[in-house]
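Dear colleague,

Please find below the structure that I am handing over to you, with its sequence.

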2 protein chains.
Amino acid sequence: MKNLTLALAATIGFLHADPLPSWNKSDSKQSIISFVDKVTDAGSPDYVAPAHRIATFDNDGTLWSEQPMYFQAYYIFDRIKQLAPEHPEWKEKEPFASVLKGDLNSALAGGEKALLEMAMATHANITEDEFSKSVADWLATTKHPKTGIAYTDMVFQPMLELINYLRLNDFKVFIVSGGGIDFVRVFSESAYGIPPERVIGSSIKAKFEIRDGKPVVIKTPEIDLIDDKVGKPVGIHRYIGSRPIFAAGNSDGDYQMLQYTSAGEGPRFGLIVHHTDADREFAYDRDSHVGQLNKALDDSKTQNWTIVDMKKDWKIIYPEYIESTPSQ
Amino acid sequence: MKNLTLALAATIGFLHADPLPSWNKSDSKQSIISFVDKVTDAGSPDYVAPAHRIATFDNDGTLWSEQPMYFQAYYIFDRIKQLAPEHPEWKEKEPFASVLKGDLNSALAGGEKALLEMAMATHANITEDEFSKSVADWLATTKHPKTGIAYTDMVFQPMLELINYLRLNDFKVFIVSGGGIDFVRVFSESAYGIPPERVIGSSIKAKFEIRDGKPVVIKTPEIDLIDDKVGKPVGIHRYIGSRPIFAAGNSDGDYQMLQYTSAGEGPRFGLIVHHTDADREFAYDRDSHVGQLNKALDDSKTQNWTIVDMKKDWKIIYPEYIESTPSQ
């Protein structure tokens, strides 16, 4: 709850002065405020009724960091180690054997197929409650290998302010993540103030059964939805049922969500978080294996998407810095 | 919007006197009120935080009528007639040929397979927006064959009051329908005050594509989720991500949703609407082809589910009667 409390305190404290206090004065900040002003002004031709004020945010790289590897991948590796005693065969079987030896690069050498195999082994054949507890326990006890802080503290304070600002203006704010829906749902409310039912993400199938006399839902090892690229508009259709008017992402995985959002009638806002700050976070775009941002950057002008330059536009990155770093 | 306005007016007007004015004094009414009182009382051992106050309602037969046939089936038949000029082959091809001749019984003789074929032909290969518009137009212009009133006026006033009562007590209220998710989403907000993103239902798959230069989501003819029986807890897991504390249904199709809800820890409420009123609505249960209620009725005592007897427990059925029939 710490992040959220800090974020709320920051937002509420500055509400009358500035709805986005961790954002430097910039064109991107001004364009966000102008957009919110016009869609909430009942006298404006651009007014949008609250029911249609749908905003969708990518998670990895947009609301929290994603380097040097998606945080969920760390969960998968740790979970493999935890489950290893029940799976003696993993000692000889790739990609599990490499994980158990601590050689993550080799484990990932098998590409998407290997990652999917590891995801299934760690996310399926478990009840929904057992899975949530496993993720919650992991988040509560694990630190990021580079920063040494908890993963859920590596959320972007300026984006928390943006979420709160939209919510205070009667937007319905959703996460639309390429990451696992059940993984993100565990921390979405405490980290971002976004309740689990407003989280959309990649998913595996599930089934209902009576286990040990109790009716439960079991996650099963079959892909349900890959909520990335063309899957994001499909996920939005499935879970929300209408086109957003505001979308935020940071990579080419968000291209179609931004495109789908921007193509609707009336006022639309597309935002891209550009990771430009190697000192305070990470700097990467066109050549990155994680969060590659290439085509969306090329097309941002013609699509009228707002590029947020983290280094220039944000006073602080993570909420902790509120306490340790005086803001400008 | 008429139903909702009436419902809200009725609820707000009687708020201090009685949160459920269209419900006769009865054990079922009292048990609902006692449940809401205890889960919202911060001093009670049964207190439930708002984030966990999840309530799920079946739609057909629980929130609106479903006889002599699911209302969506009428949409399917009308849509087949509307699309027939584009499908000359349907004149010779069952079940379409029977529909075009007006022989609905023969059209349905092919059972679930035939119904599914008709559903696909009328729900797929169309953009999400085109489908929604088609349903909205149909609802605005079509009357129920027996009552002669609009389908969206055949919603149960006592259940509208119950939804509002739960919402006023910070419940998150969802529809969990065996009917089509995109069909119910068209009228859920105007008829029940439940926004589209809180509707769960049966679904077909969808894909993203650029059509005529515009990015759109197209509904495709493959089953995605059958949100009935064992599919209801799976739908709840997918869309909400946690177990409800309150569930309402009216048929054996709701059995697993009720069972899943009731099996959670802490206070739980399961409600079954029993259609007992042939004069004011319809009377059916164990032998009905639509909305069969048999096993859930048998097990209601051991499961501690509250049976609502429509004839005895409800002063009025549909909202229109508020104007034409003085309440007791």
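**Findings**

B:Asp212 is located in the loop that runs between β4 (199–211) and β5 (214–225) of chain B; helices (H or I, at least four residues) and strands (E, at least two) are DSSP runs, numbered from the N terminus. This is a predicted model, in which local features need pLDDT of at least 70 and side-chain atom pairs count only at pLDDT 80 or more, while totals for chains, interfaces and linings use all residues. Residues are numbered from 1 along each chain as its sequence is written, chains are lettered from A and ligands numbered from 1 in the order in which they are written, and side-chain values use heavy atoms, with hydrogens and water left out.

**Backbone features**

B:Asp212 is not a glycine, yet has a positive phi of about 50 degrees. With 79% relative accessibility, B:Asp212 counts as exposed; the classes are buried under 20% relative accessible area, exposed over 50% and partly exposed in between (1.4 Å probe, protein chains only). In chain A, A:Asp212 lies in the loop between β4 (199–211) and β5 (214–225), and its phi is positive too, near 50 degrees. A:Asp212 counts as exposed, at 80% relative accessibility.

Two cis peptide bonds in chain A also deserve mention. One joins A:Gln67 and A:Pro68, with omega about -5 degrees, and A:Pro68 is placed in the loop between β1 (54–57) and α3. The other joins A:Glu94 and A:Pro95, with omega about 5 degrees; A:Pro95 is found in the loop between α3 and α4 (96–100). As background, most residues other than glycine have a negative phi, and most peptide bonds are trans.

A:Asp18 is in the loop between α1 (2–13) and α2 of chain A and counts as buried because its relative accessibility is 17%. The side chain of A:Asp18 makes a polar contact of 2.6 Å with the side chain of A:Lys29. Such a contact is a pair of N or O atoms within 3.5 Å; within protein, one must be able to donate a hydrogen and the other to accept it, and residues adjacent in sequence count only if both atoms are side-chain atoms. The A:Asp18 side chain also reaches the backbone nitrogen of A:Leu20, at 2.7 Å.

A:Ser28 belongs to helix α2 (residues 27–40) of chain A and is buried, at 4% relative accessibility. Its side chain makes a polar contact of 2.9 Å with the side chain of A:Asp313. Leaving aside residues up to four places away in sequence, A:Ser28 touches A:Trp23, A:Thr306, A:Ile307, A:Val308 and A:Asp313, where contact means heavy atoms within 4.5 Å.

In chain A, the axes of helix α3 (residues 71–83) and helix α6 (residues 111–123) come within 9 Å and cross at roughly 60 degrees. That angle makes α3(A) oblique to α6(A): under 35 degrees counts as roughly parallel, over 145 as roughly antiparallel, 65 to 115 as roughly perpendicular and the rest as oblique. Axes are lines fitted to C-alpha atoms, for helices over the stretch in contact, and angles run from 0 to 180 degrees between N-to-C directions. The crossing of α3(A) and α6(A) is left-handed, meaning that the near helix is turned anticlockwise from the far one by less than a right angle; clockwise would be right-handed. The residues of this contact divide into eight nonpolar, three polar and one charged. Ala, Val, Leu, Ile, Met, Phe, Trp, Tyr, Cys and Pro count as nonpolar, Asp, Glu, Lys and Arg as charged, and the others, Gly among them, as polar.

In chain B, helix α7 (residues 128–141) and helix α9 (residues 181–192) have axes that come within 9 Å and cross at roughly 55 degrees. α7(B) is therefore oblique to α9(B), and their crossing is right-handed. The contact has eight nonpolar, one polar and one charged residues.

**Buried positions**

Helix α11 (residues 255–262) of chain A is mostly covered, with seven of its eight residues buried; among them are A:Tyr255, A:Met257 and A:Tyr260. B:Phe77, in helix α3 (residues 71–83) of chain B, is buried at 2% relative accessibility. Beyond residues up to four places away in sequence, B:Phe77 touches B:Met69, B:Val99, B:Leu104, B:Leu108 and B:Met118.

Yours sincerely
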